[in-house]
Amino acid sequence: TARGARGSMAAAGPAKRSVAVPAAMAAYGVFLGATGTFGSYQHGFDAKVMHSMYAGLGSGALMLCSGALAALPSHKAHMIGVHVGLLLNFLFAGVFSWQTIKSARDPAKADRLPLFIVMATGSALSLAVMYLFKPKSSKKKA
C-alpha cells in the first residue's frame, strides 16, 4: 500500500544518515563535563572554583542535547541539532582559546593553563570532526 511504502521509505531515510556528528557531539559533551569537573577537582572542589564544573557540565549538556536532536529521524530536527552543535562548538573553541591566552599572560592563572590548552585543543578537534562529517547540502550548484 501507499502508506506502507511511505513508512518503509521513512524508515530507510534515517538509517542512511551518518551517526558520526551526533556521536561526536555526545563525545564532546562528555569531554566538556569531564574537563570542567577535573578543573574543580584540581582545586579540591573549593567553592570559588566550582564554576568550572558547572560550566563544563552545562556546556556538555547543551552538546548532548544538540547531539540528541541531530540523531532524530526528523530532517528539520536533525539539521537544527547539527547546526546548533556546530555553533556551540565554535563558541566553546573560541572561549577556551581566549582563556588559554589569558592564562598564559597571567602568572596567577598559570596553574589553569594546561587544562585550558587541553580544552581548546579538544574543542578545535571536535569542531573539525563535526565539520568534516556534517550533512552536505542536497542542492546542486548551477
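How are helix 2 and helix 5 oriented to each other, roughly parallel or roughly antiparallel? The close-ups below come from a predicted model.

**View 1. Helix 2 against helix 5.** The axes of helix 2 (residues 20-42) and helix 5 (residues 113-133) cross at roughly 175 degrees. Angles over 145 degrees count as roughly antiparallel, so helix 2 and helix 5 are roughly antiparallel. The two axes come within 10 Å.

**View 2. Residues at the helix 2 and helix 5 contact.** Helix 2 contributes residues including A24, Y28, F31 and F38. Helix 5 meets helix 2 with residues including L115, V118, S126 and F133. By class, this contact has 13 nonpolar and 7 polar residues, and no charged ones.

**View 3. Surroundings of S126.** S126 lies in helix 5. Its relative accessible area is 10%, so S126 is buried. Beyond neighbours within four places in sequence, S126 is in contact with A24, Y28 and N89.

**View 4. The Y28 and F31 ring pair.** The structure holds 3 aromatic pairs. One of them joins Y28 and F31, which are stacked, with 6.2 Å centre to centre and 20 degrees between the planes. Y28 and F31 are 3 residues apart in helix 2, so about one helical turn separates them. Y28 is buried at 2% relative accessibility. F31 is partly exposed at 23%.

**View 5. The F38, Y41 and F45 cluster.** Ring pairs link F38, Y41 and F45. Y41 and F45 pair edge-to-face, at 6.1 Å centre to centre and 65 degrees between the planes. Y41 is exposed, with a relative accessible area of 53%. F45 is partly exposed at 40% relative accessibility.

Methods
Residues numbered from 1 in each chain as written. Predicted model: local features only at pLDDT ≥ 70, side-chain atom pairs only at ≥ 80, totals over all residues. Heavy atoms only, no water. Axes fitted to C-alpha atoms, helices over the stretch in contact; angles between N-to-C directions. Helix = DSSP H or I, 4+ residues; strand = E, 2+ residues; numbered from the N terminus. Parallel < 35°, antiparallel > 145°, perpendicular 65-115°, else oblique. Contact = heavy atoms within 4.5 Å. Nonpolar A, V, L, I, M, F, W, Y, C, P; charged D, E, K, R; others polar. Buried < 20%, exposed > 50% of the residue type's maximum accessible area, 1.4 Å probe, protein only. Phe/Tyr/Trp six-rings, centres within 6.5 Å; stacked < 30°, edge-to-face > 60°.
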